[in-house]
Amino acid sequence: IKTGTLVEATIIASASKDDDEGRWVKHKGKPAIRGFKAHIGADAGTALVEKIFGTWKRSCGLRRMRWRGLAKATAQVHFTAIACNPKPTLNILATAA
């Protein structure tokens, strides 16, 4: 993580209340939900963290996990990040080659 990187987390509801790997979370007077935390890091000069989470939840369908389990939830967050903003992924792949 570079200096000046903002790191933030959001809560994403689990696919079902029966998901044993999800955790019960209560946030700012809202009712408790079973879900997962998604963490991101964004450069302070290029993006606001809340804007990124808002786009993921509003436009990319990340209001609720589609699959059960932590590994599948992690994959869904990664796929969403790639689909919603492919430019950083292409830059990473270009430097790796």
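"Buried" in this notebook means under 20% relative accessible area, "exposed" means over 50%, and "partly exposed" is anything in between, with a 1.4 Å probe and protein chains only as cover.

**Entry 1: the whole protein**

I started with burial, and found that buried residues make up 26% of the 97 residues in the protein. Before going on I noted that this is a predicted model, where local features need pLDDT of at least 70 and side-chain atom pairs count only at pLDDT 80 or more, while totals for chains, interfaces and linings use all residues. I also noted that residues are numbered from 1 along each chain as its sequence is written, and that side-chain values use heavy atoms, with hydrogens and water left out.

Next I looked up the overall dimensions: the C-alpha atoms fill a box of roughly 40 × 30 × 25 Å, taken along the principal axes. The accessible surface comes to about 7,000 Å², and 58% of it belongs to carbon and sulfur atoms. Those areas come from the Shrake-Rupley method with a 1.4 Å probe; for residues, only the protein chains shown count as cover.

Then I checked contacts, meaning heavy atoms within 4.5 Å. Among contacts between residues at least 6 apart in sequence, 56% join residues at least 24 apart.

**Entry 2: helices and strands**

I counted three helices and three strands. Both kinds are DSSP runs numbered from the N terminus: helices are H or I with at least four residues, strands are E with at least two. Along the sequence I read the pattern β-β-β-α-α-α.

A reminder to myself: strands of a sheet pair through backbone hydrogen bonds, either parallel or antiparallel.

I then went through the pairings.

I picked Gly41, which lies in strand E3. Is Gly41 buried or exposed? At 51% relative accessibility, Gly41 counts as exposed. Leaving aside neighbours within four places in sequence, Gly41 is in contact with Thr5, Leu6 and Val7. Gly41 and Thr5 are 36 residues apart along the chain, yet their C-alpha atoms are separated by 6.1 Å.

Val49 lies in H1 and is buried, with a relative accessible area of 9%. Not counting residues up to four places away in sequence, Val49 touches Leu6, Glu8, Ile40 and Ala42. From Val49 to His39, 10 residues away in sequence, I noted 9.9 Å, C-alpha to C-alpha.

Glu50 is also found in H1, but Glu50 is exposed, with a relative accessible area of 57%. Glu50 and Lys30 are 20 residues apart in sequence and 18 Å apart in space, C-alpha to C-alpha.

Which residues make the nonpolar surface patch? I found Trp67, Phe79 and Ile82, giving about 320 Å². Patches take residues with over 30% relative accessible area and no salt bridge; like charges are joined within 9 Å, nonpolar side chains (Val, Leu, Ile, Met, Phe, Trp, Tyr) within 5 Å. A salt bridge is a side-chain nitrogen of Lys or Arg within 4 Å of a carboxyl oxygen of Asp or Glu. Ile82 is in helix H2 (residues 70-84) and counts as partly exposed at 40% relative accessibility.

Finally I looked at Ala96 in helix H3 (residues 86-96). Ala96 counts as exposed at 64% relative accessibility. The C-alpha atoms of Ala96 and Glu21, 75 residues apart along the chain, are separated by 33 Å.
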